[in-house]
Amino acid sequence: MNKKLYFIFFLLLLTRFAQAQSLDMHFNGLGFLDNREYRAYIDRSRTYSGTRLALDFGLNLDSLNHFVVGVNGIHEFGAKPYFLKVDPVAYYEFKSSKWLFNAGMFPREGLLTNYPRAILNDTLRYYRPNVEGLLTRYQGAHGNIIIWLDWVSRQTSTDREQFLFGSSGKYLPNEFGPFYLSHYFMLLHDAGPAIGIPNDHIRDNGAAQVRLGYNFGHRTMFDSLTVEAGGMMSLERVRHEGGGGWNLPLGFVASAYASLGRFALYDEFYKGEGHHVDYGDSFYAKTIYNRLDIIYTPFLFKRIKGQFILSLHQSPGHLGDNQQAFRIIYDLGRKTLARFKDDD
């Protein structure tokens, strides 16, 4: 959304202000220190450190319809200028007991952050906090489904046309039963700039996973215990004259999560053909890979959560790759600033 459209959208909010039932404010942030020691991928063996702050204001027309405007900025420690980038937040939200619909520039946190890292890597929450496009979610007694579109780059004479679209969901055959089926899908459409580049072609790149899971609930000594297993397929195609068919590598995925008190373990395993997913974790280019996260949560309050995470990465020839991260998340929630009388 360019500056002119952003200004028009803001004016529309102001014209509705007199009819708004309430005005609220939301402040939240993320602090992170993420050190990666990867011999398998030297170019990604680096340290990510910084803080991200988000502030927005919501105009609530009624219990279902909301307009939100604000900013989300990131500062990397030691960087100049102070804010590396400030992303605008501006979207319409419809939210009921079953349906959610967002249109505009809205936070991905809590909506797309449960994707497997093989499909959407974990640095997106640091450097691309917003979805720019559309998202709808349906939540029912037997699960949920999300469909979304995220515009990455608008085509100009020099800029490429790029957008992501995808879907995820969970199905529970028995509303209270332990078994569930989940799916995740994402595809990147990458077209060239308006002024063509020789030998440049439209690309499609993405991946999908289907998993069968079992939630043990409180039937064990753990506070939480789940296991999942399923399949992964990536999708790669370069469109050119005379063809350009799909390359569809396949593999097996499995994971297990267990938590007890302030400690948790999360293990992910992959075996199969190597994948090249532009927005996915590079380790899935390996034919076999395992990641174990050892998680300790020393800060756990109503509005604040802080975690230490030690990640051990094992891939062929590189059994000692590791990652140490500390993240603190604080969210003050939505605070009502004023209420207004409806003139209608």
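Tyr 138 is partly exposed in this predicted model, with a relative accessible area of 29%, where partly exposed lies between buried, under 20%, and exposed, over 50% (1.4 Å probe, protein chains only). Trp 99 is likewise partly exposed, at 44% relative accessibility. The two form a tilted aromatic pair, 4.9 Å centre to centre and with 55° between the planes; rings of Phe, Tyr and Trp (its six-membered ring) pair if their centres lie within 6.5 Å, with planes under 30 degrees apart stacked, over 60 edge-to-face and the rest tilted. This pair links distant parts of the chain, as Trp 99 belongs to strand β5 and Tyr 138 to strand β6, 39 residues apart; strands are DSSP runs (E, at least two residues) numbered from the N terminus.

Across the whole structure, 24 aromatic pairs are found. One aromatic cluster is formed by Tyr 38, Tyr 41, Tyr 270, Phe 283, Tyr 284 and Tyr 289.

Residues are numbered from 1 along each chain as its sequence is written. Local features need pLDDT of at least 70 and side-chain atom pairs pLDDT 80 or more, while totals for chains, interfaces and linings use all residues, and side-chain values use heavy atoms, without hydrogens and water.

Key
Helix = DSSP H or I, 4+ residues; strand = E, 2+ residues; numbered from the N terminus.
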